[in-house]
Amino acid sequence: MIEVKNLSKSYGTKPAVNGVSFNVQKGDILGFLGPNGAGKSTTMKMITGFLQPSGGTAKVGGLDVATDPVAVKQQVGYLPESAPAYAEMTVGEFLEFVAESRGFRGGDRAAPVQRALRLTNLDTVRHQTIETLSKGYKQRVGFAQALLHDPEVLILDEPTDGLDPNQKNEVRALIKELAQEKAVILSTHILEEVEAICTRIILISEGKVVVDETPAEFQARQPGARLDEIFATLTKSDV
Ligand SMILES: Nc1ncnc2c1ncn2[C@@H]1O[C@H](COP(=O)(O)OP(=O)(O)OP(=O)(O)O)[C@@H](O)[C@H]1O
Ligand SMILES: [Mg+2]
């Protein structure tokens, strides 16, 4: 479903993503790990077509995001790093707006909006403006807009960031359930999240893939060690 080949991005002369390659199949939940500034969000932005690569290709469902950006966006749900804008809209109005821009017209908008509200437990704040929501609820609005059109691919940039422990678990369970029929990439700094739901780990450091393996293989690098200890050894800079 997702094929990334030699993807690169430089800001000025500084490389943020430097020759990243990997594939994601349907049913995979790829845990995208790496220290702050490693290039996770930049890679995700290029796969979703929000940022033009400096080099390499990203394909979704066989379509190149550089040449078919609209078709790719139709297949992808994207939760960006920052909370949703449109602060003065209510949650319901915002999701109606997203449904409209996703091509649902008139009465056809109700069902996907209802589904997104239900899956993310937002029914109770449907009539509240986004600016008055707590951080965790804003995060859920971002998640709701990402899954509204029931896309084949979900790209989730730190989906449980800012959620309380119960909500973290609910969102993880939801991702796991949805992933049976989708290809999912999620970035996270929470290693227990990787253990709980990811079928694969990609660790990137300074814009390069350092690890691409299953959680079991990752653990086998240092049997008995905690994942964060293994993470620390692999990302330690020797400069
Ligand atoms: N718009 C930009 N202009 C210049 N540099 C940028 C820009 N966006 C990102 N960068 C740089 O690119 C590098 C990778 O950033 P990115 O946001 O992809 O990291 P990340 O892995 O998502 O980090 P985090 O865990 O903190 O979210 C960093 O060095 C960052 O400073
Ligand atoms: Mg990031």
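# Briefing on a predicted model

Isoleucine 185, leaving aside residues up to four places away in sequence, touches Ile2, Val24, Leu30, Phe32, Met44 and Ile155, where contact requires that the C-beta atoms, placed from the backbone, lie within 7 Å. This is a predicted model, in which local features need pLDDT of at least 70 and side-chain atom pairs count only at pLDDT 80 or more, whereas totals for chains, interfaces and linings use all residues. Residues are numbered from 1 along each chain as its sequence is written, while chains are lettered from A and ligands numbered from 1 in the order in which they are written.

**Nonpolar core**

- Ile2, Ile47, Leu95, Ala144, Ile155, Val184 and Ile185 touch the most other members of the largest nonpolar core, which has 62 residues; such a core is a set of buried Ala, Val, Leu, Ile, Met, Phe, Trp, Tyr and Cys residues joined through C-beta atoms within 7 Å.
- The largest share of this core, six residues, comes from H5, and helices (H or I, at least four residues) and strands (E, at least two) are here DSSP runs numbered from the N terminus.
- In soluble globular proteins, nonpolar side chains tend to be buried together.

**Helix H1 and ligand 1**

- Eight of the eight residues of H1 are buried, so this helix is largely enclosed by the rest of the structure; a residue is buried if 20 or more other C-beta atoms, placed from the backbone, lie within 10 Å of its own, exposed if 12 or fewer, and partly exposed in between.
- The residues around ligand 1 are Tyr11, Ala16, Gly34, Asn36, Gly37, Ala38, Gly39, Lys40, Ser41 and Thr42, each with its C-beta atom, placed from the backbone, within 6 Å of the ligand.
- Helix H1 (residues 40-47) gives the largest share of that shell, three residues.
- By class, the shell around ligand 1 holds three nonpolar, six polar and one charged residues, with Ala, Val, Leu, Ile, Met, Phe, Trp, Tyr, Cys and Pro counted as nonpolar, Asp, Glu, Lys and Arg as charged, and the others, Gly among them, as polar.

**Helix H6**

- The 15 residues of helix H6 (residues 165-179) should span 21 Å at 1.5 Å a residue, and the end C-alpha atoms are 21 Å apart, which agrees; the expected span is 1.5 Å times one less than the number of residues.
- Val171, Arg172, Ile175 and Ala179 are the buried residues of H6.
- They cover an arc of only 100 degrees around the axis, which puts them on the same side of H6, the arc being that of the directions from the helix axis to the C-beta atoms.
- Asn166, Ala173 and Glu177 are exposed on the other side of H6, whereas the buried residues pack against strand E3 (29-33), helix H5 (135-147), strand E8 (183-187) and helix H7 (191-197).

**Positive phi values**

- Most residues other than glycine have a negative phi.
- Asparagine 6, which lies in strand E1 (residues 2-11), has a positive phi near 55 degrees and is partly exposed, with 13 other C-beta atoms within 10 Å.
- Glutamate 158, also not a glycine, has a positive phi of about 50 degrees; its place is in the loop between strand E7 (153-157) and H6, and with 20 C-beta neighbours inside 10 Å it counts as buried.

Key:
Two residues are in contact if their C-beta atoms, placed from the backbone, lie within 7 Å.
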